[in-house]
Amino acid sequence: MKHSLLTKIRLALLLLALVPLATSCLKEGLNDFEGLRHPMQITGTFNPELGLPIGQADINITDLLGLFNETSGIIEIDPQTGAATVHYDTTFLNIFDVSSTKHRGKSTVPYQRSVQGTMDFDLFSNIDVLPETFRLEKVFLTLTTDIMAHGTPATQNLLNNYDVFAYFDNIVLTAVNSTTHQSYTLPIIQDSIPINNMLTGASILVIDSVDASDFLNIKPDCITYNAQLNINFGTAFWASDITQFLSDSLGLSTIDVNSHLSIYSPLTIFFSDASYNAYIGLDANRNDLLEQLQIDSSYLVFEFVNGLPLQLNLSASLTDADSHALVSLFENGVGQLNAAAIGFNAATQSYTATTPTTSIVRVPITSELLQSISKASNIHLLASLSTAADANVSQPAVSIIGSDALAVRVYATLRPHVNITYPIGADSIIISK
């Protein structure tokens with residue numbers, strides 16, 4: 001009996017394997033097979049899985065962190081390394097009217113004016129919850145100052161005759177977090193910087209690509225710059241008023257001081273437990289498909305292809321057009337999506353994503369879910385984010401590559417029991433429930 005059953009199974013499998021060949025032969029030479037005048041067919045029941053897309057989203061790093069939605073910084077992709085970078089630039093302009101302030105009486109104090117400026121820094125202000133663990137690395141800060149003095153044709157010779165020299169000192173660059181009342185002053189290696197050729201225009205490199213990671217890791221909302229402009233005389237000099245002497249005797253009228261602050265970062269970061277929200281719009285043409293969903297036999301399938309060097313703990317819910325939650329989707333509330341694998345990147349000198357990871361989450365159709373689907377306009381994703389880990393490095397900071405992204409695909413998977421009839425020689429399969 002056992003041998004007979006096994007023979008029947010093998011025979012059935014062989015017949016199924018020969019169906020395409022037999023169909024081809026019958027189409028090409030049906031009249032050659034006189035014995036096959038009566039219809040033959042294969043019948044059976046099987047349970048196919050059919051996944052049809054109903055929504056999708058591709059979330060890149062800019063969307064995910066929400067850093068640059070309203071920032072005054074510029075996000076760029078480095079053409080050499082492919083790394084996403086953020087660049088802040090600002091200019092502080094101070095114009096001094098030399099003759100505007102006069103002192104009475106003998107004075108040996110040099111001419112002094114305060115150079116100052118404030119830059120709003122909104123890199124961190126657009127994130128809902130910035131974790132305490134957030135750390136930036138590879139932040140580079142450059143400060144240059146251009147100075148131009150305006151005078152008469154004879155002013156340069158007079159400046160030389162009186163051995164007039166100018167310099168900056170008391171240079172202070174401070175990051176300020178007004179929420180936490182923190183401040184951090186960037187150490188300046190050269191506190192006194194000489195100024196040459198004021199009349200022809202002098203460009204002074206005050207800070208040259210200094211690593212300012214600690215400067216920005218207090219998460220400032222503004223940066224202040226202060227320095228002191230000094231004009232003094234190397235030879236014996238006496239005058240009742242220095243500003244009047246500069247104006248009347250030397251012919252100086254105004255001094256323009258234009259300071260340019262640049263902050264550049266390739267977004268090399270470490271953090272844990274940052275939060276993120278996203279909405280995936282559902283396909284408006286899905287109604288016919290939704291009518292085929294069946295309780296206890298159909299699924300919503302979420303496919304996540306994570307090319308970001310970020311791990312996500314994810315929850316999801318269906319929402320209506322007004323973003324009101326209708327029903328939670330994940331059975332246990334939260335699903336974990338592993339970060340892309342990371343490796344050391346010689347081009348960026350940091351860790352970057354190497355291989356995406358794919359995660360599949362299946363959500364069974366329940367009566368509550370079935371009712372909510374017909375009313376839903378979006379799927380609301382709420383994620384807790386952490387940068388990827390590496391077994392060989394403690395808390396590695398990762399650089400974000402411009403092509404890094406999280407692809408989300410949502411499918412409806414139908415699982416009806418289907419009866420199939422395959423007439424040999426027919427052009428199509430007959431399917432019935």
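Asp 296 lies in the loop that runs between helix H6 (287-290) and strand S16 (299-306). The structure is a predicted model. Its protein chain contains 7 helices and 27 strands, and buried residues account for 44% of its 433 residues. Among contacts between residues at least 6 apart in sequence, 83% join residues at least 24 apart.

**Asp 296**

- Asp 296 has a relative accessibility of 73%, and because the cut-off for exposed is over 50%, Asp 296 counts as exposed.
- Asp 296 and Thr 366 are 70 residues apart along the chain, while their C-alpha atoms are separated by 6.8 Å.

**An open sheet of five strands**

- The strands of this open sheet follow the order S3-S4-S13-S7-S11, and their pairing is antiparallel.
- Strand S3 (74-77) and strand S11 (202-211) are at the edges with a single partner strand each, so one side of each has no neighbour in the sheet.
- On average, neighbouring strands of the sheet are turned by 20° against each other, direction ignored.
- Strands of a sheet pair through backbone hydrogen bonds, either parallel or antiparallel.
- Ile 75 stands opposite Val 86 of S4.
- Strand S7 (residues 140-150) is joined to S11 by 7 bridges, again antiparallel.
- Thr 145 has Ile 204 in S11 as its bridge partner.
- S7 also pairs with strand S13 (residues 254-265), in the antiparallel sense, over 11 bridges.
- Leu 143 has Leu 261 in S13 as its bridge partner.

- Strand S15 (residues 274-281) has a covered face made of Ala 274, Tyr 276, Ala 278 and Ile 280.
- The uncovered face of S15 holds Ser 275, Asn 277, Tyr 279 and Gly 281.
- S15 and strand S23 (residues 378-387) run antiparallel and are joined by 8 bridges.

**The nonpolar core**

- The largest nonpolar core has 100 residues.
- The residues with the most contacts inside this core are Ile 147, Phe 168, Leu 300, Leu 329 and Ile 379.
- Leaving aside neighbours within four places in sequence, the contacts of Ile 379 include Ala 278, Ile 280, Phe 302, Leu 329 and Val 410.
- Ile 379 is also in contact with Tyr 279, Leu 282, Ala 316, Ser 317 and Leu 318, among others.

**Helix H7**

- Helix H7 (residues 367-375) has Leu 369, Ser 372 and Ile 373 as buried residues.
- Seen down the axis of H7, the buried residues fall within an arc of 110°, so they line one face of the helix.
- An α-helix has 3.6 residues a turn, so residues three or four places apart point the same way.
- The exposed residues Gln 371, Ser 374 and Lys 375 are on the face of H7 turned away from its buried side.

- Ser 350 lies in strand S21 (residues 350-355).
- The relative accessible area of Ser 350 is 4%, and because buried means under 20%, Ser 350 is buried.
- The side chain of Ser 350 makes a polar contact of 2.9 Å with the side chain of Thr 348.
- Another polar contact, of 2.5 Å, joins the side chains of Ser 350 and Ser 399.
- Not counting residues up to four places away in sequence, Ser 350 touches Lys 138, Thr 268, Gly 343, Phe 344, Asn 345 and Ser 399.

- Most residues other than glycine have a negative phi.
- Gln 349 is not a glycine, yet it has a positive phi of about 55°.
- Gln 349 lies in the loop between strand S20 (341-345) and S21.
- With a relative accessible area of 47%, Gln 349 is partly exposed.
- Lys 219 also has a positive phi, near 60°, and is a residue other than glycine.
- Lys 219 is found in the loop between helix H4 (213-216) and strand S12 (222-233).
- Lys 219 counts as buried, at 16% relative accessibility.

Notes. Residues are numbered from 1 along each chain as its sequence is written. This is a predicted model: local features need pLDDT of at least 70, side-chain atom pairs count only at pLDDT 80 or more; totals for chains, interfaces and linings use all residues. Side-chain values use heavy atoms; hydrogens and water are left out. Helices (H or I, at least four residues) and strands (E, at least two) are DSSP runs, numbered from the N terminus. Buried means under 20% relative accessible area, exposed over 50%, partly exposed in between (1.4 Å probe, protein chains only). A polar contact is a pair of N or O atoms within 3.5 Å; within protein, one must be able to donate a hydrogen and the other to accept it, and residues adjacent in sequence count only if both atoms are side-chain atoms. Contact means heavy atoms within 4.5 Å. A nonpolar core is a set of buried Ala, Val, Leu, Ile, Met, Phe, Trp, Tyr and Cys residues joined through side-chain atoms within 4.5 Å. The arc is that of the directions from the helix axis to the C-beta atoms. Two strands pair if DSSP finds at least two bridges between them. Axes are lines fitted to C-alpha atoms, for helices over the stretch in contact, and angles run from 0 to 180 degrees between N-to-C directions.
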